[in-house]
Each structure stands twice: as structure tokens, then as C-alpha cells.
Amino acid sequence: MSVFLQFLFSGLTTGAVYAMVGLGFNIIYNATSIINLAQGEFVVIGGLMMWYFSEAMKLPFFISAILAVASTGLIGLLMERLTIRPVKKSDLLLMIMITIAVSIVLRGILMFKFGKDPYTYAPFTEGEPIHIYGAFIQQQTLWVIGITLFFIILIFLFFNKTMLGKAMKACAVNPVAARITGINVDKMVMLSFVLSAMMGAVAGIAVTPITLMEYDRGPMLAVKGFCAAIMGGLGRGRGSVIGGFIIGILESMTAGYIHSGAKDAVALVIILVILFFKPAGIFGSKTIADLRRF
Amino acid sequence: MSRKVIAIFVISFMFLSNIAYAKETYKIGAIFSITGAASFLGEPEKNTVLMLADQINKAGGINGTPVEVIIEDSKSDETQAVLSAKKLIEKDKVLAIIGPSTTGESMAIVPIMNNAKTPLVSCAAGAGITQPVNERYWIFKSPQYDFSAVEAIYSHLKKQNITKVGIITISNAFGDSGRKALNEISHKYSITVVADERYGPKDSDMTTQLTKIKNSGAQAVINWSVGPGQIIVTKNWYSLKMNIPLYQSHGWGSKKNIELAGKSAEGVIAPLSRLVVWEKLPDKHPQKALLKKYSNDYESRFKSEPGTFGGHAYDAFMMVVEALKKVGPDKKKIRDYIENNIKNWPGTGGIFNMSPSDHCGLDKDAFEMVVIKNGDWEILK
Amino acid sequence: MQITNRNIFIGFSIIIIILPLIFTSSYSLSIATFSAINSLIAIGLCVLMGYAGQVSLGQAGFYGIGAYVSSILSIHLGLPVIFACIVAMIASALSAVILAIPALRLKGHYLAVATLGFGEIIHIILNEWGPGGPSGFGDIPRFNLFGFVFDTVMEYYYLSWFVVMIVMAFSINLINSRFGRALRSIHDSEIASNAMGVDVPKLKIKAFVLSAVFAALGGSLYAHYVTFISPSSFSLFQSVLVLMMVVVGGITNLWGAVVGSIIITILPELLREFKEYDILVYGIILILTLLFFNKGLVPIVIEKLQKVKP
């Protein structure tokens, strides 16, 4: 029992990381139907900036966190202005390629600014891991799970209860119609990039004490987050979170009960099988997915 | 339209910052994994070679001729390593090449070096790079074999009557060669590998693997990796309160790791190159003076430690430089000099003894077993 | 002169034949050979994406299958390289059928993830269970045919480009056939083509198989050229690179795949002067190209040339 619990906790830890990254994908997707593969770099920037403000500049925790989130948001803004706005043609493949090219540049800049070494800082709360029935879970994991849940609710309220959020969603489904109804589509797209960059930064700040952070962790985070978002169904906040936890737990259970060398492969095979039966993810609807542009 | 013109302008401008200068120099090529998955190797290697070349040129060059190092980034990729080697040999006409950083890249360029009859001193550890020696006429390497590090760990375990170990390795070439060595020579020390776990280079949590090791009856854990993985394993090992010692590979040798792992690192044992612990060596040790100078120079210039891997580049580069000094710019003579005259030669990795039957030239005693105590290294006797 | 596929084909062939007379160093010829190998994967992907409209982020998987199967068979079973290569293509085709089954039901981002997952699974399999594991293995025989070994870079250059031109001729004929027209119809609208009596699933499988076979051919040529392979050459990074080649060259034209491959293969070599800043310059060039030449270079050039014509 304690062994099973330990595998479960390990999976929750990994899954919480994926879930938080997956959430960021949904914000931009909800506003633009674009998948931003530079999302992983936002997470890395968040974590590294947090290190910079709190460890190198020795600023207090909350001020560092606010500065890290704000500076990442600024990078999201720049990215949208410089590389997304100028594209007239909206094409799935082109957009994916542009976000990949941006991620290459961001990674290059991070390498020059921070070098290749990993960074970390103290967890939010110091102290021994929590023991439950002989298994342990790090306090930071609980923080990550808590923050993730908080943001699911926040994002749900934003997209469903506020005018701004609803307007944003309208832009993704049909930009022309949205414009006719008086929505400033350009501003919405920009806002979605800023928000998702900030979401990425929060994820980075929260997971760095667990995973450490270095300049080239972005692609792996993006791939896992992307898988989490797809598995849950794109555009569904809770979907990507549950998707993230499922992947994390699958990996951990495979490592525990089958073989640790096979853990990523088994998790991927299961994603493929799920997609075979639910082509729009667990919580996604095929009809709605068909109506979306991409 | 005007935007397109600007785009073309910017792109073409980027190609025009290319100034060539012609001056009689000794050209040495270097191929390192400066970016990509193995950048932890390439970075200190590149810095080391840049620093050494500067030092030599400030002191008047090699017999009055300045040395020019042309460093290529192989991006941790075999294709890029092949192209780099061809470029260095044909375009830059280098006298010798040092690197690549990884075994795979080194293996990929072995045929090229043999065809071009140009000496290579690899900075990677794999035994296949220099063996079989009759097919590796032009190839040398400076790092110790992986199994030397494993032997150092196993003999230390044996002294404590530990017979069952659990190993956990990273699933890239570095971890894989360690894993193979750990499995292959365990029987020589009557040690059984009771758990053989792996993890990816960017994994966030290794508790599952360590839990399995804990339940397998292992009396010690050996982790073989470089990068964030070795710190996460250390932290997880500490949190799990496993009550068995944790051994790390020779890639553990950086103060930065102690800093990142914090109190979890207390008691971790690893076979480290003397470069890491030179301060703790007795003064009469033949390597001490050299290690001290290299380590201090490096730290004052790059504000970081050279680590074991920077040392590989140091040894490779200095061998070529010494050969150039003695025999001049002749590829064949450089090769012959390295093969026959690098004898009793103190480097950072140990005392080298090259011969026609051994193109590595290091013995098993290249490592010191080091434990972390109160946040610092301590050599175990 | 008319810009037809036939004329481009002849022009291209002439350039390929005379190029080694100008660039004699084996460095330049190696770059050209790697361009040819990348072209093979890119042409397949171009048929799949540009004509059948199916995104794939997993081409490196087929490329890896080609390289590994071909090397293993030629080393361990001592099979002649040409047979090993053919078996590798068959193996790749079979795995494409397996991938196509879930992929048939998926669209857009979901298809992207499914193919990405496939590529990663192959990468993990090679890493964990491939001979040599993550370290890879060497001593792969050079390509040989009827006792003739393609030993020098020049010979290999001609071999690989010869293969590219055959594949190109085959693909051009294919897309101008009934098959190609049907493919383009599913690119435009699956529902409409279904209504017109096109067997959409079967066609999609065929497109996947074709791209897999070309990629495996590229993989086999790569393995028997470098004579050492390791899983790191067949990762997601390679899939993205091939995608980049197709997009930069122009997804709507098969020649775009070839031109894109040449550009993306040469670009890092030109950027060597920038030392470690190359990654930044590389990224910025990519962004600029994607932003301002987003139809792809070949379609843009053809458009310009056709405008110039009286």
C-alpha cells in the first residue's frame, strides 16, 4: 500500500508540473485557436526570473514573484506584437512554425543570460516532506496542486462569467463575426498572449523548487503540456489539468510496475489509444472541434 | 513590399560580418558539444581551450608561432560533428583536432580522421573510440574509461562488504555507458545489481525509481547522470530517508551541485577527478601544481569551476601543444609524438602513459573517492 | 522558357551533375549529401501535408526506422545493403499503417500530437532497446551495389542525389495522376471529396505510407553514409527540422521541399562564423522568413518569374 501511494505521489508531482503548463496552452487557444509551442519557454523564463529577483537581487518573495510574472507577461506581449500580429494569413502549420522559431530565439537569449547550469531556490514553505501511510509527498507539490486548482477556477470564471473572457473566446471561434459585434480582436489576441505568458510564469515559479530550471527545459515542458491539453480536450481548463495528472500518474505507475525505461512510451501509447476513441480528447466534443478552424 | 526588402536586408546583413585574417599560425581544431543535450561537457571544454590558447599566445606562442584554435559547435549531434570535422580539415586545414565531447560524435568522425590522416584527441570516454588500436591509428583520447570510475566505486563498496546495489541511470549516452560498465564488471567485485532503473534527462521526480530500489534490498544506490537529474535524485534520496548510501558518477564534481542539492547532498560519495579536490591533495603530488594553476585561472576568468570535463579538454589540448612544440607542424609527427613520447605525463585526469597499444594512457587510479561533509568535499582514504 | 516541372527537373539535374566540379571539397559535398538525405524526408512530408493536408510531427520516427532496420540487417544478417534498405522501407511502411489508424480520425492539433507521440515512441524504443542503446552503434557498411562500394564522398553525393531525383520524378507523376487529384481534394474538403466518391481513409493511409517510405529511404542512406547512428539523430528535433524545411521551401510545391532542405541544411554551416550566437541568428532568420515569405520560397519565386514573362 505504501509503495502504491508513493508511486501515486510521485505521479502527482510530475503530473502537477504538466498540468500547470497545459493550462497556459488553453488561454491562447481559447482566444486564437493557436497552439503556442513557445509556452515551455514562458515557464522557463518565469522560473529563471524568479531566481534572478529572489536569489540574485535578494528581493522579498512576493515582489520577486510579481516582477517575474510581469516580465514574462511583457515577453508574451512582445512576442505577439513582433511575430503573431504581422501574419495576415492564419494557417495552423505556419503558426506552429512561428512559435517554434520564437522558442528557438528565446532559448538562445536564455542561454546567454543564464548559461547552461540549472537553477533553483527554496520551496515556498520549508520543512520535511509530509508522510502519509509510509509514503511521502513534498510540500511544494501540494503548493503546485493548490495553485493549479485555484487557476482552473479563475480561468473558468474568466472565460464564462466575464464579458472580456467571453469576447476572447468569440475571437477564436470566428474572428470576423467577433469583429462585427464590436470586439477588438487584435487587443484580445494580444491580451491572450500576455495572460498565457503570465500563466506560464506562475507555473515556472511554482515548479522550479521541484524540477530545477535550466534554459533548455522548455521543449520538454511544451511537449508534455501540449499532450496534457490535447488529452483533456483543447480549450478545456480542467481537461488539461486532468490530462496532466493522468500522464504523470501513468508515467509513474509504468516506471513502478513495468519498467522505468518504458514509462514515457507507455504513457504516449495510452494517449494515442485515448485519441483513437475520443478524437477530441476526454472532455472535448468532436462536433465543437470540427467547428474550430484548427 | 518594403517590409520584405527590410527582411532581405537584415538576413543578408547577418552574413556580412565575416572578417578573415591571414597570419602564420598553428591551427588546431576543436569540436565540442557547446549547445544541445551534452552542453554540460562542451561549455567547460570550450572555455578551457580558449583560455589555454590565450595563455600560450601571451607567452609568445609555440616556439614563436601563435596558436589558433578553431572551435566548432557540434550541437551534440553526430551529423554536425561530421560536418565540423570535414570543415576543420579541409577549409581550415588544421593540424589536429581535439574533441568531440561525446562518444557517439567521436565514433562518427573516426573514419574521417583516419582518411584525412589527421590526429584526433577525443574528449569522450567510450572504450570504442581508441580500440581496436590498429584501426584507430590516428585516434587518441584524454578521459579515463568509464569503467575506471565504476571500478573505483565498486572497490569502495567492497571494502564495506556491500554486495547488493541498485543502480539508477539517465537514459542518454552518458548514463548508458555508465550503466553498461556497472552491469558488466559487477561480478569481478562479487556485487549483484539488484535494481536497474532509468529516467529521462528532463524528468521532474525520481521517487518511483528510488522506491523500487529501496524495496529491492539494495545496500547502496548508484546514480549515473549529469545535469539536473543528479540533483533531483539526491533530493529524492534524502526525502525518502533510504538509509543506504548514495554514490554519484564522476560527473558529480562541481561545487554547484552541493549548492543546488543543499543539505540533501550530505554524505553523498563519488569518484572524482583530482581536479575537483586539488586543494586537499598533498603538496608533493605530481599533479597538484598543474591542477592548482588551471583551476585558479579558470575560476578567475569564467567565475565557475572547470569540473572533470574541462580537464579532458585541457589534457587533450596540452598534448597536441607539446607535440607541436617538439616536432613542429607535421600531422604524422604529431601523431607519433603523442603515441611514443607522452609518458609519465601529468595531466588533469591523471598521469598519462601513451603507447602503440594504448591510446588512452590512463590507469585506474585516476579517481579519488570523495564524500560531501559540511558542504565541502572530503577525500576518503 | 516555361516554368514546368519538366524544365525545373532538367535544370536541377544539370546543377547536380556539375556542382562537384565547382565545390570539390568533401566538406561541401557532405553538406550537399546531407541536403539530399533531408530532401527525401521533406518530399514525403510535402506530399503528406501539402497535398493530403495531414500534419505530421513524427517523420523522424520513420527516418529512424529506416536507419536502424537497414543498419541492423546489414550488420547482423549480413544482408546486401540494397536489400536491407528495401526491407527498411517495408518496415517503415507497415509502421505508417499502424500510425494511420488512429490518425485517420484526427484533425489539426490532435493529429499533430498523435504523430508527435508516434515519433517519440519510436525514439524511446531506439533509445531503450536499439542496439547500443542511447550510445548508438557504428561499423555500419557503406552503401554498395553489385560489388561497387560508394566509398568517397563524391560517389555518395551522386548516389544520394540520384535517388532524390528518382523520388522526385515519381512524386511529380503521382500528384499529377488521379491519386494526386484525389489527395488534393481531401486537402480542400474531406466531406466534399467523400461525397464525390473518394475513399478518404484509404487515400490518407497511402499518403502516410508514401511519406514513411521516403523517410526510411533517407534514413538508410544516412546510416550507410555516416556509418554510425544513435537515437539522438531521430528525435522530435529532427521532425521539426523537416517540417521547417517544407514550410520554408513552400508547402504547395514539391520543389519547395528540396529547396527548403538545402537551405535549412546549409544555414547552420553559413552561421558557423557567429560562434554560439548562431542559434539566435538562426532563429531570427527563421522568424523573418516565416513572417515575410510565408507562402514558401519556391512558390514566391515561381510567381515572380511568371509575372516577368511577357
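Trainee: How many residues does the contact take from chain C and from chain A?

Mentor: It takes 34 residues from chain C and 36 residues from chain A. Two residues are in contact if their C-beta atoms, placed from the backbone, lie within 7 Å. Keep in mind that this is a predicted model, where local features need pLDDT of at least 70, side-chain atom pairs count only at pLDDT 80 or more, and totals for chains, interfaces and linings use all residues. Residues are numbered from 1 along each chain as its sequence is written, while chains are lettered from A and ligands numbered from 1 in the order in which they are written.

Trainee: What makes the radius of gyration of chain C agree with a compact globule?

Mentor: The radius is taken over C-alpha atoms, and the globule rule is 2.2 Å times the number of residues to the power 0.38. For 310 residues that rule gives a value near 19 Å, and chain C has 19 Å, so the two agree. Its secondary structure comes to 13 helices and two strands, and buried residues make up 57% of the chain.

Trainee: Why is strand β8 of chain B called largely enclosed?

Mentor: A residue is buried if 20 or more other C-beta atoms lie within 10 Å of its own, exposed if 12 or fewer, and partly exposed in between, with C-beta atoms placed from the backbone. Five of the five residues of β8(B) (residues 220-224) are buried, so the strand is largely enclosed by the rest of the structure. Ala220(B), Ile222(B) and Trp224(B) point one way, and Val221(B) and Asn223(B) the other.

Trainee: Which strands are joined to β8(B) by bridges?

Mentor: Five bridges join β6 (residues 164-170) of chain B to β8(B), running parallel, and three join β8(B) to β9 (residues 246-248) of chain B, also parallel. Two strands pair if DSSP finds at least two bridges between them, so both pairings qualify.

Trainee: What makes the buried residues of helix α6 of chain A line one face?

Mentor: In α6(A) (residues 163-173), Gly165(A), Ala167(A), Met168(A), Cys171(A) and Ala172(A) are buried. Seen down the axis, the buried residues fall within an arc of 160° (the arc of the directions from the helix axis to the C-beta atoms), so they line one face. What covers them includes α1 (2-32) and α5 (139-161) of chain A.

Trainee: Why is Leu149(A) called partly exposed?

Mentor: Leu149(A), found in helix α5 of chain A, has 13 other C-beta atoms within 10 Å, so it counts as partly exposed.

Note on methods:
Helices (H or I, at least four residues) and strands (E, at least two) are DSSP runs, numbered from the N terminus.
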